[in-house]
Amino acid sequence: MGPAGCPVHSNPGEIVKCRLTRTIALFVVLAFAAACTTQPPSRDTSAVTLAIGSLYEPQNLDNASGGGQGATEALGGNVYEGLFRLTDAGAVEPLLARTHTVSRDGLTYTFTLRSGVRFHSGKPLTAADVKHSIERILAESSKSSRTGALSMIKKVTTPDDRTVVIGLSTKSISLLYNLTQVWIGNSAVADPATKEDGTGPYALTAWKRGSTLTLGKFDGYWGPPPKTGQVVFRYFTDAAALNNALLSGEVDLITSEQNPDALAQFAGPAFKITEGHSTTKLLLAFNDRRTPFDKVLVRRAVSEAIDDAKLLRSIWNGYGELIGSMVPPTDPWYQDETAVNAYDPALAKKHLAEAGFPDGFAFTLDTPSYDPHPTIATFAKSELAKVGVEVTIKIITADEWYSRVYQRHDFTATLQEHVNDRDIRWYGDPGFYWGYDNPEVAGWIKRSETADTAAEQASLLRKAARRIAEDAASDWLYLNPQIVVSSAKVSGYAINGLNAQFPAYNIEIDKH
């Protein structure tokens with residue numbers, strides 16, 4: 001699921017979302033012959049610890065080597081930074097890159113690095129570290145979701161220690177955005193999966209697997225100091241235990257509430273509940289290469305047979321939203337596609353008959369074992385049975401999903417959440433795990449990346465989104481809500497959850 005809080009950026013790069021500044025003054029009354037007040041000093045927050053509750057523990061410490069959503073949530077923006085960062089509103093801002101220029105043909109980007117930046121080890125940031133970090137994302141062994149989005153990078157050169165030059169094979173209007181999700185690490189670190197060395201406001205001080213990950217304030221940080229001296233991510237394996245931890249005061253904040261029925265217990269002045277837009281889309285993904293889902297009419301029929309609105313109510317009880325496509329409202333090219341292939345069982349039966357399946361068909365739905373996928377699978381099975389489609393649910397582990405479904409494409413249909421924003425591009429890649437192959441759509445997506453203006457890019461991607469919806473390339477069941485629940489004493493976290501990051505450095509907590 002998508003995280004919440006004050007993120008940055010996932011999977012890439014993931015970042016400062018909401019900048020809140022608050023000063024609490026202490027007034028000291030001195031009683032002598034007359035009363036007087038001192039100049040109010042700022043409250044020292046170096047000893048304050050923020051406890052964050054999460055269901056997403058990292059697999060390792062590296063977002064290019066399978067660290068997963070947990071690594072992005074805890075480390076993105078807090079421990080590692082990019083050349084640029086993504087705000088909570090989706091705007092791109094310079095971070096480690098102080099300035100940049102673009103050649104007239106749009107194929108050469110020159111970046112000047114910010115001075116005075118050091119890694120947690122004390123080593124100064126150099127252009128060589130940036131080059132190394134980008135090339136790691138582009139490597140064949142990379143597991144980063146941004147590898148394809150950055151494939152137009154032809155070479156990275158370093159004329160001097162503070163200058164990075166990126167040469168492109170084709171223009172890329174999204175380059176700066178995609179660079180927000182490239183963590184810049186110390187090139188001397190042999191295995192970033194087991195050792196971190198970033199430039200962020202916090203450094204990793206301890207990781208007790210299965211329990212906690214602790215970040216400590218980095219005194220050598222180049223920018224404004226974080227609002228708390230220490231952040232402890234506490235990990236839980238089920239939502240009930242996580243909620244109990246907030247109720248008991250074991251944690252101060254939950255990054256992403258997974259159970260809307262649990263929200264009632266947080267009503268009242270002691271807690272705050274905030275809902276924003278996430279980028280986490282719950283998909284029924286078809287293998288468009290495999291019979292019967294190689295037929296558009298079959299995919300439409302399955303989409304029309306499932307009541308997405310009823311499903312969303314049953315899972316999220318009024319939270320979240322329907323989108324009808326891969327594009328969430330926080331993407332610049334969002335448009336409402338929910339009317340395309342909308343719920344209509346009668347039309348579903350008609351389309352099945354036209355596709356050559358008047359009596360329906362049977363298929364296996366590979367379903368990840370963690371919530372809410374098994375519940376959604378059961379709902380889909382019940383809905384599809386009404387139009388004659390028989391579903392066999394096969395529960396699989398996350399590792400099996402990655403190796404068999406994502407890597408080997410050995411499946412007929414599956415359920416999965418896709419966290420990133422701006423990921424419509426995967427429908428322009430026939431080699432992606434769901435195998436959607438429409439040359440016209442691929443052309444629009446490719447041309448959008450070489451567009452001269454943001455308006456031209458958005459126009460092309462809206463056309464692509466509409467065609468993908470009409471083709472029922474997948475069934476986009478709903479968009480998760482982004483619900484953060486915290487103690488009333490906590491402030492400064494981001495409202496929207498973009499690309500799974502949860503920057504903690506702007507969060508304040510009044511421990512008094």
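Asp129 pairs up with Lys123 in a salt bridge, their closest N and O atoms sitting 2.7 Å apart. A salt bridge here is a side-chain nitrogen of Lys or Arg within 4 Å of a carboxyl oxygen of Asp or Glu. Asp129 is buried at 0% relative accessibility, while Lys123 is partly exposed at 26%. Buried means under 20% relative accessible area, exposed over 50%, and partly exposed in between, with a 1.4 Å probe and protein chains only.

This is a predicted model, where local features need pLDDT of at least 70, side-chain atom pairs count only at pLDDT 80 or more, and totals for chains, interfaces and linings use all residues. Residues are numbered from 1 along each chain as its sequence is written, and side-chain values use heavy atoms, leaving out hydrogens and water.

A search of the whole structure turns up 15 salt bridges, including these:

| Pair | N to O distance |
|---|---|
| Asp129 and Lys123 | 2.7 Å |
| Arg85 and Glu93 | 3.1 Å |
| Arg299 and Asp288 | 4.0 Å |

Arg299 and Asp288 are both buried. Shared partners also link Asp366, Glu400 and Arg404 into one salt-bridge network.

Now for the greasy side chains. The largest nonpolar core has 44 residues, and Phe361 is among those with the most contacts inside it. Such a core is a set of buried Ala, Val, Leu, Ile, Met, Phe, Trp, Tyr and Cys residues joined through side-chain atoms within 4.5 Å. A second, separate core of 28 residues includes Tyr433 and Trp434.
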